[in-house]
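Trainee: Please take me closely through one part of this model, the charged pairs. Go step by step, and give the cut-offs as you go.

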Amino acid sequence: MAAAITGDPDMRPMHARNAFALLALLACALLLPGCASTGKGEALQRAQYAWSAAIRWGDFEGAWNLVDPEYREQNPLTDVALERYAQVQVSHYRELGAPPPSADGSVGRDIDIGVINRHTMAERGLRYRESWRWDETAGTWWNTAGLPDFWRGE
């Protein structure tokens, strides 16, 4: 039968307490960066998630607000174009992959989109490449490719 060790825990050898304290401090130091925000990377994930949700649920005006202001100024969204987007339903929105970031820091994402024409109920798929740039002043990522062109080739 093993004998139980009794006594005051403060009577342990000093090097055992120091080793435990050092181990606890090291664990905290390693876990702390995981609690902090990753900055641009996290902001990109949030922007892409908001974009894909807006497209998937047919909120094209909401998605338009995530488009680069310079692009919006050069390519205004007309009422006719907005009505055209109202004629389709997105059935799926899947990320296919991402090309390497470009030299200017912009990033892309290849997307497969399923689109249903609300009038004919015909579904078709298309590929779309998102392009994102970081705006240091606004502290946000902007989509620089504009809304997907669901009528390309028609």
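Mentor: Helices (H or I, at least four residues) and strands (E, at least two) are DSSP runs, numbered from the N terminus. The model is predicted, so local features need pLDDT of at least 70 and side-chain atom pairs count only at pLDDT 80 or more, while totals for chains, interfaces and linings use all residues. Residues are numbered from 1 along each chain as its sequence is written, and side-chain values use heavy atoms, with hydrogens and water left out.

Start with the pairs as a group. Side chains of opposite charge can pair when their charged atoms come close. Searching the whole structure gives six salt bridges (a side-chain nitrogen of Lys or Arg within 4 Å of a carboxyl oxygen of Asp or Glu).

Take the helical pair. E42 and R46 form a salt bridge, and their closest N and O atoms are 2.9 Å apart. Both sit in helix α2, which covers residues 40-56. Because they are four residues apart there, about one helical turn separates them. E42 is partly exposed, at a relative accessible area of 30% (buried is under 20%, exposed over 50%, partly exposed in between, with a 1.4 Å probe and protein chains only).

Now turn to the sheet. Four strands form an open sheet in the order β1-β2-β3-β4, and the pairing is antiparallel (two strands pair if DSSP finds at least two bridges between them). β1 (88-97) and β4 (140-143) are the edge strands, each pairing on one side only. Inside this order, β2 and β3 run antiparallel to each other over 10 bridges.

Next, the pair between β1 and β2. E95 and R109 meet through their side chains in a salt bridge, 3.6 Å from N to O. E95 belongs to strand β1 and R109 to strand β2, so this contact ties together parts that are 14 residues apart in sequence. E95 has 49% relative accessibility and counts as partly exposed, whereas R109, at 8%, counts as buried.

D110 stands opposite R129 of β3. The side chains of D110 and R129 also form a salt bridge, with the closest N and O atoms 2.6 Å apart. R129 is partly exposed at 48% relative accessibility, and D110 is partly exposed at 22%. There is a network as well: salt bridges with shared partners join E95, R109 and E130 into one.

M121 lies in the loop between β2 (107-117) and β3 (123-135). Its backbone is worth a check. M121 has a positive phi of about 60 degrees, yet M121 is not a glycine. M121 is exposed, with a relative accessible area of 60%.
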